[in-house]
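This report goes through packing and side-chain geometry in a two-chain model. The sequence and coordinates come first.

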Amino acid sequence: MQKLGDFKLPQFFNYPPYFTLQPVRDTREKQIQLWKDLILDYCKTHHIFVIGLEDQDFPLFSNPAIERSLTYEAREAFLSALVAQGRAEWLDKSRRKCLVLWHRIQDWANIVLDFVKDNGLEDSVMTVEEIRTGIESRGTELHGIDRTVLMRALKMLEQKGKLAIFKGTTADDEGVKFSI
Amino acid sequence: MAGNCLQAVELTTSGRPVLLPTEIECSLLSAVDLECEDLPNFPHLKSGLLILTTHRLLWLPDSTTTIPTASSSASAIPLAAITHIFAAKKSIKSMFHSPRLRFQLSVSPEGRVPDSGSGSRSVVVTVVVRGKSDLDAFLSKFWESWRGRAWEIGDEQGSSNAVSGSGSASSSGLYTREGTVRMVGVSGILRKEQEMWESTDKSLQDAFQDLNALMSKAKEMVMLAEKMRQKLLSGSQPNDEELGSKQEMQDWMLSVGIISPVTKESAGAQYHQQLSRQLADFVRLPLERAGGMMNLIDIYCLFNRARGTELISPEDLLQACSLWEKFDVPVMLRKFDSGVMVIQNKSHSDEEVFARIKTLVMKPDALRTGISASDAAITLGIAPGMAKEHLLTAESKGLLCRDTSPDGFRFYINLFPEIDPNDLYLVKDYGIYHTWLRAASASG
């Protein structure tokens, strides 16, 4: 089985037509579906939050073994499909950077809640950075989370009244007061 | 007195010849002898001035050197009496002699040039040009005047029939017998040119008038044709009578070059029907050889080449093919999504072609590297262009998938339906996906 880092590649990754955007509607829909799943799985495995379309190094978009890679048009097509599904967002108007939500924001919010509960942080205060990179987060999915994503999750929880976000003592960081 | 042979020429006081009412001078030759061996009483006309006019040939004695004698005075030969002008003879002898010009004259039995009518006897007169003159130019003018037969026009006014612009209407009364001559030779020629220009101009204007008239008529014609076409289109209930006249109208319009728009509803003009049948017959053999399907353009070329003459236009071909729907012929016209039009046997089945393509594309090599249009062409025994159309159609049916790369444009068997979307890693032990995997893994 081929791998990209820790990620196991499916067999059809070696099927050349997989890398050509199919014109026939039914075939294309199937193709898009497969790519969407593959992208999400890959990003989840490698904790990738942002994909740059012009990034030549993103390994998922090419297969040297069969000498094929996706065209810009194809990449945009697949990512747009993810965005339409709500599993990704364009970070800029020119659609060059895409935020991949291999967990939905809702899911992240739940993960934060679990994190708080697991560590007994129900009434405490933490900075956002601490949530992201602190000792407690190590070994959890929160570790190294994209800041934008985390803020969105926190905001969602704030709206539910589970926490409050405030400006920290230092100019850089924000703090979170949990009140689960 | 000019002997008994030739006519006398009246001279003015200054020695210019008096010309007839419509006579115009055409050319002059100096130092000319007139001889006639056949007539013993032909006057002795030596070294005089030969004047060619539209009516006569005048010989005037050179007043500076010759004293007019009884035997050599101004004489005239009416062009009407000339029966033939000989071509200039060019020989070694003529190079050393003075240029000569000979013509045949019709005279009375006594040897007189008749005033009117023609004589019964024929003699040959020779014009010897002693001086330096261009005999050829004179000769051509001689021909012109003689052929022009200006003397036959007589006193008629305004006849433009004569050669060399004898605009006689304007020139009548130009010469008087009293001796007052308004025009001399050169200006006569100039005048002739002028008149020629004027008449050309006038006829050009007339022509343009005609052209304008033609154009307005043409516009009417086109409008009429359009109206008829509209009428045919809107066509009321066709009973037999009307159908007949409709047919006629269509034929007529077709001959004028307007394609009838009714051809789809009606059976079409006879021409197209016949052509259609002929085409269906012709197409049978090439179609077989091409494997049952042929590009319309290829048919066009083959058909026209076979016809040799009376080639048909692309529109005619298309019409003829469209008519096949109405007849019971074993061929049909087919248009692909890509716009390519082909003729195929009705017995041709797409399914059969797809089955053959599928077999081809499931071969181990094809599974590994796919097939190109040329591969398919070789296997299916058809033209590469046709093969491509088949592959594209198979793709649209979901049988094949395309692969575009720097290596080219190739097709593979469509695996996508075989992949379980819920388990991306699952490959069953049977089926196309399994076969493909085996073939793909077998390569190095």
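**Chains**

The model is predicted. Chain A contains five helices and 10 strands, and 46% of its 180 residues are buried. Chain B contains 13 helices and 13 strands, and 39% of its 444 residues are buried. In chain A, 53% of the contacts with a separation of 6 or more are between residues 24 or more positions apart. For chain B, 56% of the contacts between residues at least 6 apart in sequence join residues at least 24 apart.

In soluble globular proteins, nonpolar side chains tend to be buried together. The largest nonpolar core here has 97 residues, and the members touching the most other members are A:Tyr18, A:Trp35, A:Ile39, A:Leu60 and A:Leu154.

A:Tyr18 has a relative accessible area of 0%, so A:Tyr18 is buried. Leaving out residues up to four places away in sequence, A:Tyr18 touches A:Phe12, A:Phe13, A:Gln31, A:Leu34, A:Trp35, A:Leu38 and A:Leu70, together with B:Phe416 from chain B.

**Aromatic pairs**

A pair of aromatic rings is described by the distance of the centres and the angle of the planes.

| Pair | Centre to centre | Angle between planes | Class |
|---|---|---|---|
| A:Tyr18 and A:Phe19 | 5.7 Å | 90° | edge-to-face |
| A:Phe19 and A:Trp35 | 5.6 Å | 85° | edge-to-face |

A:Phe19 takes part in both pairs. The planes of A:Tyr18 and A:Phe19 are at 90°, and an angle over 60 degrees counts as edge-to-face, so that class applies to the pair. With a relative accessible area of 4%, A:Phe19 falls under the 20% limit and is therefore buried. A:Trp35 is buried as well. A:Phe19 sits in the loop between β2 (7–8) and α1 (25–46) of chain A, whereas A:Trp35 belongs to helix α1 of chain A, so their pairing ties together parts that are 16 residues apart in sequence.

**Charges over rings**

Lysine and arginine side chains also lie over aromatic faces. A:Lys8 lies over the face of B:Tyr425, at 5.0 Å from the ring centre. Within chain B, B:Arg102 is placed over the face of B:Phe86, and the distance to the ring centre is 4.9 Å.

**Helix packing in chain B**

Helix α9 (residues 350–361) of chain B packs against helix α12 (residues 384–396) of chain B, with the axes 10 Å apart and an angle of about 90° between them. Angles from 65 to 115 degrees count as roughly perpendicular, so α9(B) and α12(B) are in that class. On the α9(B) side the contact is made by B:Val353, B:Phe354 and B:Ile357. On the α12(B) side B:His390, B:Leu391, B:Thr393 and B:Ala394 take part.

**A loop residue in chain B**

B:Asp62 is found in the loop between β4 (56–61) and β5 (75–78) of chain B. Is B:Asp62 buried or partly exposed? Its relative accessible area is 29%, so B:Asp62 is partly exposed. Apart from neighbours within four places in sequence, B:Asp62 is in contact with B:Ser47 and B:Gly48. B:Gly48 is 14 residues from B:Asp62 in sequence, and their C-alpha atoms are 4.9 Å apart.

Terms used:
Residues are numbered from 1 along each chain as its sequence is written. Chains are lettered from A and ligands numbered from 1 in the order in which they are written. This is a predicted model: local features need pLDDT of at least 70, side-chain atom pairs count only at pLDDT 80 or more; totals for chains, interfaces and linings use all residues. Side-chain values use heavy atoms; hydrogens and water are left out. A nonpolar core is a set of buried Ala, Val, Leu, Ile, Met, Phe, Trp, Tyr and Cys residues joined through side-chain atoms within 4.5 Å. Buried means under 20% relative accessible area, exposed over 50%, partly exposed in between (1.4 Å probe, protein chains only). Contact means heavy atoms within 4.5 Å. Rings of Phe, Tyr and Trp (its six-membered ring) pair if their centres lie within 6.5 Å; planes under 30 degrees apart count as stacked, over 60 as edge-to-face and the rest as tilted. Helices (H or I, at least four residues) and strands (E, at least two) are DSSP runs, numbered from the N terminus. A charge sits over a ring if NZ of Lys or CZ of Arg is within 6 Å of the ring centre and within 35 degrees of the ring normal. Axes are lines fitted to C-alpha atoms, for helices over the stretch in contact, and angles run from 0 to 180 degrees between N-to-C directions. Angles under 35 degrees count as roughly parallel, over 145 as roughly antiparallel, 65 to 115 as roughly perpendicular and the rest as oblique.
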